[in-house]
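Subject: Structure handover

Hello,

Here is the structure I said I would pass on. My notes on it follow below.

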Amino acid sequence: MTAPTDGTLFSEPDRTAARPEHVEPPRDADAVLEGLDPEQREVATALRGPVCVLAGAGTGKTRAITHRIAYGVRAGVLPPSGILAVTFTHRAAGEMRGRLRQLGATGVQARTFHSAALRQLQYFWPRAVGGELPQLLDRKIQLVAEAAARCRIRLDRNELRDVTGEIEWSKVTRTVPDDYPAMIAKSPREAPRDPAETSRVFAAYEQLKRDRSVIDFEDVLLLAVGVLQDRPDVADTVRRQYQHFVVDEYQDVNPLQQRLLELWLGERENLCVVGDASQTIYSFTGATPDHLLDFRTRHPDATVVKLVRDYRSTPQVVQLANGLLGQARGRAAQHRLELVSQREPGPDPVYTEYADEPAEAEGTARRIRELLDSGVPASEVAVLYRVNAQSEIHEQALADAGVPYQLRGAERFFERPEVREAGVALRGAARAGGNDALLDEAVDLPSQVRAVLASRGWTPDPPAGSGAVRERWESLAALVRLAEDFARARPGASLAELVAELDERARAQHAPTVEGITLASLHSAKGLEWDAVFLVGLTEGMMPIAYARTDEQVEEERRLLYVGVTRARRHLSLSWALSRTPGGRGGRRPSRFLSGLRPGSAAPGGGPGGTGGVERGAGRSRRKRGPVRCRVCGRTLTDPGELKLMRCEGCPSDLDEALYERLRDWRAERARDLGQPAYCVFTDKTLLAIAEAVPDDEGGLSRISGVGARKLQRFGADVLALCAGQDLAGEAPTGGAEPPEGEGTGESEGS
């Protein structure tokens with residue numbers, strides 16, 4: 001078997017070459033360097049030997065390394081088919097490919113570690129092992145559950161996730177099942193359950209895979225390493241194909257990925273790595289910054305370039321980020337980068353202390369509403385928290401404030417069934433051209449897309465309520481907006497060209513922006529940025545998280561907060577609540593990481609904190625609160641859904657069902673009039689609480705959770721009239737109702 005000479009070895013053809021370009025590529029190699037700052041230019045022109053780029057947050061690292069590749073290709077120094085650029089997410093790899101196309105550097109392979117390894121395995125497996133490569137598991141958790149059952153070990157859903165995570169960590173650190181207990185004993189990692197039990201499940205899982213001839217994602221890397229180690233002829237073929245390597249986010253490399261990289265390289269040193277030890281936040285997956293920090297030791301002649309000019313954040317945000325790392329300890333802290341903002345000054349970060357979590361959520365929603373009203377796009381605002389469980393109370397508060405939102409970390413956009421169906425329909429219409437009756441009255445590309453998607457359930461106005469129907473509409477509406485944006489960028493573009501754009505975005509997982517502010521965990525926010533960022537729940541026990549006990553674990557929590565701070569371009573808000581529930585004992589303390597940074601606090605060394613003052617957040621209705629008790633049994637309530645109902649979920653309900661149906665009818669009509677989702681008027685739980693309490697004046701209505709001053713003023717008269725049995729249309733109420741609305745994730749009621 002001879003290696004192809006056209007750069008197609010274990011890589012798919014570059015089907016993106018015909019993709020419509022929005023930017024003219026630079027005219028020559030020298031033009032590629034135009035617009036780079038001195039440090040970025042130094043990166044771009046360092047084309048030989050080992051290169052280490054230490055790049056702080058917002059300093060343009062992707063710009064620097066893509067221009068380096070493009071400059072080398074355009075100057076004739078680097079053959080495009082001989083370059084392999086690897087990163088950690090399909091999104092990042094897709095962005096890199098897109099930028100390289102715009103710079104005129106086509107033919108370069110930009111992939112994730114797993115994608116590159118999988119293609120090599122698929123190409124070499126028949127030759128090196130024989131037969132076809134075993135089937136790849138989509139999700140290992142089901143097989144882990146079966147393995148646990150075989151071991152007669154009962155695992156609930158959360159325990160199953162923990163054990164699966166331990167198996168993944170073991171494999172990337174190249175730990176076999178029998179060695180797992182000893183490895184845990186000598187590492188700072190805390191096992192979530194008995195290591196001996198986990199070892200048994202791990203061994204059973206591996207046996208099940210062998211029995212069924214399947215492999216998982218970690219096996220892809222392990223098998224690629226095995227083939228390259230055991231077959232020198234295969235390793236030689238790979239090395240002849242790829243002579244130059246670029247690794248992005250090098251601080252996140254795990255031992256298995258590092259070994260694979262070493263085998264790709266062989267004895268050569270044409271390697272460029274890019275990373276920032278201060279952004280190492282995935283050690284629980286086996287990632288370590290040691291490979292980045294030891295680069296000069298392994299490569300004494302390496303060129304090292306530091307990127308510190310921050311083009312993302314204002315000086316005020318950058319000052320806070322630098323101050324946060326200034327208190328860090330440990331090896332990564334010794335290599336921290338002092339960022340220098342290149343932007344105009346902006347507002348100071350806002351620190352706010354609230355009495356309880358509901359007050360924090362409502363205060364945050366209120367400030368977001370103010371930002372939106374001032375013209376900040378919803379897609380440019382994010383609320384970031386430490387763990388996903390913190391999202392629920394913020395979802396409710398945002399719904400009560402009429403603020404649309406989206407949760408990040410859910411199913412990938414182009415993998416959603418409705419998006420796949422829409423793609424098939426658009427592709428069929430593009431092939432049919434003028435013969436498709438759906439397009440008879442369409443006059444341009446956006447109207448063609450609207451016509452096709454109307455057959456899949458898209459309507460000009462959003463459906464009332466939330467849940468699956470609303471989520472489907474939002475996905476289709478995002479495709480409509482993408483078509484409108486594409487038509488503006490490419491006047492006269494055809495439906496076939498748009499389909500090609502969608503196909504490329506699907507490969508790159510470059511989803512269009514869904515309108516709404518973003519709710520996300522700090523980990524899932526890595527690599528993203530917004531004009532306004534709200535960091536919430538910054539208390540001891542949550543930041544750092546309670547189970548961060550060793551110095552290394554605490555320092556990783558500090559780096560996680562640093563990542564959150566550096567997501568903000570202009571507006572940054574940091575908040576915490578003194579208690580979990582209204583009237584609770586306010587014994588919580590702000591995160592230790594804010595000491596010396598938030599106004600009025602003392603630095604760990606005893607120095608003064610920041611200037612200004614900490615705001616004291618007002619309560620939800622600006623009144624003193626005591627414990628909220630169930631109005632049936634008297635138990636203190638803590639669950640957000642029960643707080644809204646003012647009773648335990650299991651306690652008897654005195655619901656006025658006819659009133660509840662009238663309220664739902666009224667809400668649906670108001671939502672249509674306002675052009676908003678129904679939950680932005682009142683959530684289902686709030687309507688239930690109203691129908692149970694049947695308030696007869698504004699005071700009684702305002703005491704119901706979810707009825708703030710703004711909604712009382714806007715909707716209070718209507719609601720009280722309905723509670724009094726009056727018909728808003730002047731006729732006797734019929735009690736009829738629309739079909740029940742879905743209680744999907746948009747309602748966020750925790751039911």
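I begin with a helix pair. The axes of α5 and helix α11 (residues 232-241) come within 11 Å and cross at roughly 145°. Their crossing is right-handed. On the α5 side, the contact is made by Gln120, Phe124, Arg127 and Ala128; on the α11 side, by Asp233, Val234, Thr237 and Val238. Sorted by class, the contact of α5 with α11 has four nonpolar, two polar and two charged residues. Please keep in mind that this is a predicted model.

Helix α5 (residues 113-128) also packs against helix α12 (residues 255-265), where the two axes come within 12 Å and cross at roughly 55°. The crossing of α5 and α12 is left-handed. From α5, the residues Phe113, His114, Ala116, Ala117 and Gln120 take part, and they meet Gln257, Leu260 and Trp264 of α12. The residues of the contact of α5 with α12 divide into five nonpolar, three polar and no charged.

How many of the 14 residues in α3 are buried? Twelve of them are, and α3 is thus mostly covered. The buried residues include Lys61, His67 and Arg68, along with Ala64, Ile65, Ile69, Ala70 and Val73. Thr62, Thr66, Tyr71 and Gly72 of α3 are buried too. Just after α3, Gly76 takes a positive phi of about 80°.

For the chain as a whole, the secondary structure comes to 28 helices and 17 strands. The protein chain has 751 residues, and buried residues make up 52% of them. Among contacts between residues at least 6 apart in sequence, 77% join residues at least 24 apart.

Regards

Definitions and conventions:
Residues are numbered from 1 along each chain as its sequence is written. This is a predicted model: local features need pLDDT of at least 70, side-chain atom pairs count only at pLDDT 80 or more; totals for chains, interfaces and linings use all residues. Side-chain values use heavy atoms; hydrogens and water are left out. Buried means under 20% relative accessible area, exposed over 50%, partly exposed in between (1.4 Å probe, protein chains only). Helices (H or I, at least four residues) and strands (E, at least two) are DSSP runs, numbered from the N terminus. Axes are lines fitted to C-alpha atoms, for helices over the stretch in contact, and angles run from 0 to 180 degrees between N-to-C directions. A crossing is left-handed if the near helix is turned anticlockwise from the far one by less than a right angle, and right-handed if clockwise. Contact means heavy atoms within 4.5 Å. Ala, Val, Leu, Ile, Met, Phe, Trp, Tyr, Cys and Pro count as nonpolar, Asp, Glu, Lys and Arg as charged, and the others, Gly among them, as polar.
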